[in-house]
Amino acid sequence: MMSISSQWFSPQDILLKSFVESYHLVESEESIEGYTIPNGRIDIVIVLKGAISRFNEEERTYDAIPKMSFFPLTKVGRIKFKVSDDLHLINIKCFPHVLITPIFNSLKLDVLRSFDEVFGMEASERLWKSLTTDRCIESYTAKLDDFFLRFLISPTSNTSLVKKVISHIESMNVDLKSIHDLAKTIGINPRTLDRNFRAFTGLSIKSYQDLVRFQKTAKEINQNGDYKHGNLMEALGSGYYDQSHFVKACKRISGMSPKELFTTFPTGFTDFFVKS
């Protein structure tokens, strides 16, 4: 059994919920090697205790990451990580249109970035210290909400298009609309729509649709906690043609078969990290 746990909690401020999807408190008693799973979100990691290292493919070594980091929008493919024993961290998932807030105007999030680079050293250190003083979900929520409200929420005319696209895609429970249908709904040329979306998120609309559909299906299967080989009918309710279609998508996105993924992935755990 993995001695690792995750507790989900969410922003309480209505405005902030348009940018931040969820918070996850992650704790591990043992040192573990594993992978990220692409999720179509901007991942933020705040390490309150212990350490997390990312595998350097060129050097073939693990490099420690800053204790407060932004990760690029995850695409297809996995990144290998290692966490220390007695780990205590908060994983935050942001919608990709967070990238069009003023704080990112002069800083592209195409590679891992430290909080210092985005918010400044003083503000970042103040947040980290405040989070280490009280291990209480209510306190974490209040402090994180207050911090992100100050830096992310401000009037901007550039957010409406991307927010409409993402809202439309995320609300699709059965079929995911084609780019042309989506453009027609929003009232914009399909090429212009895809170009704007790609500029803001780094992904095509189709790639983002694929990640959203896969994550919704994976979450439903994982939450049921009764995965059996060959029993993937849940996938049919999320726009996959059949079980074979979902199996292929799972291997392409996560690098694992459904059996490998769902027998490795602890029930209720964040998709930020799975044990190898």
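**Helix packing and a buried serine**

Mentor: This is a predicted model. The axes of helix 2 (residues 121-131) and helix 3 (residues 137-152) cross at roughly 165° and come within 10 Å of each other.

Trainee: Are helix 2 and helix 3 roughly parallel or antiparallel to each other?

Mentor: Angles over 145 degrees count as roughly antiparallel, and helix 2 and helix 3 are therefore roughly antiparallel to each other.

Trainee: Which residues make the contact?

Mentor: Helix 2 contributes Ala-123, Leu-127, Ser-130 and Leu-131, while helix 3 contributes Tyr-140, Lys-143, Leu-144, Phe-147 and Phe-151.

Trainee: How do the residues of that contact divide into nonpolar, polar and charged?

Mentor: The contact of helix 2 with helix 3 has 7 nonpolar residues, 1 polar and 1 charged.

Trainee: And what is the handedness of the crossing?

Mentor: The crossing of helix 2 and helix 3 is right-handed.

Trainee: Changing topic: where is Ser-69 found, and is Ser-69 buried or exposed?

Mentor: Ser-69 lies in strand 7 (residues 68-71). Its relative accessible area is 0%, and buried means under 20%, so Ser-69 is buried.

Trainee: What does the side chain of Ser-69 reach?

Mentor: The side chain of Ser-69 reaches the backbone oxygen of Pro-66, at 2.8 Å. Leaving aside residues up to four places away in sequence, Ser-69 touches Asp-43, Ile-44, Val-45, Leu-112, Arg-113, Ser-114 and Phe-115.

Trainee: How many helices and strands does the protein chain have?

Mentor: The protein chain has 9 helices and 11 strands, and 48% of its 276 residues count as buried.

Notes:
Residues numbered from 1 in each chain as written. Predicted model: local features only at pLDDT ≥ 70, side-chain atom pairs only at ≥ 80, totals over all residues. Heavy atoms only, no water. Axes fitted to C-alpha atoms, helices over the stretch in contact; angles between N-to-C directions. Helix = DSSP H or I, 4+ residues; strand = E, 2+ residues; numbered from the N terminus. Parallel < 35°, antiparallel > 145°, perpendicular 65-115°, else oblique. Left-handed = near helix turned anticlockwise from the far one by under 90°. Contact = heavy atoms within 4.5 Å. Nonpolar A, V, L, I, M, F, W, Y, C, P; charged D, E, K, R; others polar. Buried < 20%, exposed > 50% of the residue type's maximum accessible area, 1.4 Å probe, protein only. Polar contact = N/O pair within 3.5 Å; in protein donor to acceptor, adjacent residues only side chain to side chain.
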